[in-house]
Amino acid sequence: MTAQNVFREDLGTRRYDLDWVRIGAFMLLILYHVGMYYVTWDWHVKSPHASNDIEPLMMLTSPWRLSLLFLVSGVATGYLLARHRTGHFLGERSIRLLIPLAFGMLVVVPPQSYLEVVEKVGYAGSFAEFWRLYITGFHGFCQGGDCLLMPTWNHLWFVAYLWVYTLLLYLVVRLAPPVIPWLRRVAERRLSGAGILLWPIAYLCAIRLGLAPRFPATHALIGDWYNHAMYFGVFLLGFSLAGVRAAWAALERARWLTLGLAVLGWAFLSAYLGAYSDNTAIPPLALKLIWRTIYGAEQWLAIAAVVGFAHRHLTHDNAARRYLTTAIFPVYILHQTIIVVMAHALKPSHLYPPVEGVLLVLATVATCFLGYEAIRRVRLLRPLFGLERGPGAPNERPARRSAPAVQRLKLELGVPQDIN
């Protein structure tokens with residue numbers, strides 16, 4: 001199979017279920033990052049009421065939420081490769097990912113870093129003074145031996161990693177096109193029954209045991225080997241599963257089993273954290289190994305349950321899906337900065353934490369979507385947030401009856417138009 005044929009393969013109709021999964025996974029980030037303000041785990045700003053009270057709730061999604069996004073991104077990349085010409089794919093993906101990343105690092109992220117140094121090291125300068133330090137790479141904001149690296153991508157690390165993984169996959173396609181049908185054949189043979197559960201679990205457990213203790217997560221790209229093994233692994237898995245029907249059907253059949261096992265795994269992880277999170281009690285080595293193994297299994301069991309239920313119940317299309325599919329990437333870019341700024345602004349009000357938390361969630365969602373409504377109407381802003389330059393992109397408008405025959409056929413087949 002030539003590279004040109006790889007870029008023209010038919011992977012079937014659009015996966016509306018994975019659109020909904022992607023939307024839900026990004027929305028979960030809003031809840032999760034609001035939660036980060038209230039737990040004891042390190043974050044950019046912290047509530048004076050931070051405690052371990054809601055940490056079990058955070059563990060519901062902490063092991064798997066980003067791996068799920070990389071899995072869906074891998075599937076989407078398979079569809080995008082199938083509908084793009086060879087010479088255009090990487091350029092278009094780079095525009096959609098690297099421009100928002102650069103803009104985010106220069107404009108969206110700096111308020112997070114500014115408020116972080118205000119709260120953690122007592123910085124008293126203005127934001128304009130800080131921004132000059134930020135863009136020139138000042139590394140003097142330190143707390144103990146930990147110094148803030150600037151400029152930084154903070155939550156936008158996902159975009160940087162996704163572009164790197166896309167580049168690596170693209171190079172493989174260009175240099176060795178037969179790899180693609182080989183991956184699909186392996187997926188058909190090995191991942192169409194129990195293998196869709198056993199092989200990913202075995203892989204994630206192995207890297208959790210072997211790599212996680214040696215390479216703690218940094219999101220710094222260089223040296224982040226455990227994260228790369230995990231995220232690139234599920235990204236490649238998603239790409240291999242694009243167009244493979246039996247594996248998704250197996251996940252649908254196993255959805256109740258994987259949900260039950262995921263709940264049991266979450267209960268164990270939460271109990272372990274409750275017993276050993278204060279660093280005063282040291283777990284036995286055997287228990288620590290069990291924790292890592294269950295954590296690795298939980299990562300795939302939860303994902304399998306989510307996509308299994310989605311494959312069963314979320315295969316429909318409607319106006320909300322079309323709107324949210326386009327909106328969710330700009331919302332993702334904006335959300336963490338809005339949370340940090342609002343949390344810092346609300347701190348002097350001394351609100352009751354549950355009330356404040358709900359207010360933060362609602363205000364963040366409202367502000368993000370108001371921001372998207374403004375962004376999508378301004379031609380200059382659209383590419384800065386990963387949108388096509390012209391207004392009325394395919395996911396933002398219904399198909400016209402007067403479309404040419406080829407375009408009409410693509411729309412009827414549901415070929416993906418705007419999956420990031």
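This report walks through a predicted protein model, from its overall make-up down to a few single residues.

Some ground rules come before the tour. Because the model is predicted, local features need pLDDT of at least 70 and side-chain atom pairs count only at pLDDT 80 or more, while totals for chains, interfaces and linings use all residues. Residues are numbered from 1 along each chain as its sequence is written, and side-chain values use heavy atoms, with hydrogens and water left out.

**The big picture**

The protein has 17 helices and 2 strands. Here helices (H or I, at least four residues) and strands (E, at least two) are DSSP runs, numbered from the N terminus. Of its 420 residues, 51% are buried. Buried means under 20% relative accessible area, exposed means over 50%, and partly exposed is in between, using a 1.4 Å probe and protein chains only. A contact means heavy atoms within 4.5 Å. Among contacts with a separation of 6 or more, 75% are between residues 24 or more positions apart.

**Helices and how they pack**

Take helix α16, which covers residues 353-375. Its 23 residues reach 32 Å from the first C-alpha to the last, close to the 33 Å expected at 1.5 Å a residue. That expected span is 1.5 Å times one less than the number of residues. The buried residues of α16 include Leu-360, Val-361, Phe-369 and Tyr-372. What do the buried residues of α16 pack against? Their partners are α2 (16-36) and α15 (319-346).

Another pairing brings together α9 (residues 179-190) and α11 (residues 225-241), with axes 8 Å apart and an angle of about 85 degrees. The axes are lines fitted to C-alpha atoms, for helices over the stretch in contact, and angles run from 0 to 180 degrees between N-to-C directions. So α9 and α11 are roughly perpendicular to each other; angles under 35 degrees count as roughly parallel, over 145 as roughly antiparallel, 65 to 115 as roughly perpendicular and the rest as oblique. On the α9 side, Ile-180, Leu-183, Arg-184 and Ala-187 meet Leu-236, Phe-239, Ser-240 and Leu-241 of α11. The contact residues split into 6 nonpolar, 1 polar and 1 charged. In this count Ala, Val, Leu, Ile, Met, Phe, Trp, Tyr, Cys and Pro are nonpolar, Asp, Glu, Lys and Arg are charged, and the others, Gly among them, are polar.

**Salt bridges**

How many salt bridges does the structure hold? There are 11. A salt bridge is a side-chain nitrogen of Lys or Arg within 4 Å of a carboxyl oxygen of Asp or Glu. Side chains of opposite charge can pair when their charged atoms come close. Here are some of the pairs:

| Pair | Closest N and O atoms |
|---|---|
| Glu-116 and Lys-120 | 3.2 Å |
| Glu-373 and Arg-376 | 3.1 Å |
| Glu-373 and Arg-377 | 2.3 Å |

Glu-116 and Lys-120 both sit in helix α6 (residues 110-121), 4 residues apart, about one turn of the helix. An α-helix has 3.6 residues a turn, so residues three or four places apart point the same way. Glu-116 is buried at 12% relative accessible area, whereas Lys-120 is partly exposed at 24%. Arg-377, one of the partners of Glu-373, is exposed at 58%. There is also a network of salt bridges that links Arg-14, Asp-19, Asp-317, Arg-321 and Arg-322.

Cys-205 is in helix α10 (residues 195-210) and is buried, with 9% relative accessibility. Leaving out residues up to four places away in sequence, Cys-205 touches Thr-293, Gly-296 and Ala-297. The C-alpha atoms of Cys-205 and Arg-292 are 7.1 Å apart, although 87 residues separate them along the chain.

Ser-270 belongs to helix α13 (residues 255-276) and is buried too, at 13%. With the residues up to four places away in sequence left out, Ser-270 touches Pro-56 and Met-59.

Most residues other than glycine have a negative phi, and most peptide bonds are trans. A cis peptide bond, though, joins Met-150 and Pro-151, with omega at about -10 degrees. Pro-151 is in the loop between β2 (146-147) and α8 (157-175).

Leu-221 has a positive phi of about 75 degrees; this residue lies in the loop between α10 and α11 and is partly exposed at 23%. His-350 has a positive phi near 55 degrees. Is His-350 buried or exposed? His-350, in the loop between α15 and α16, is exposed at 66%.
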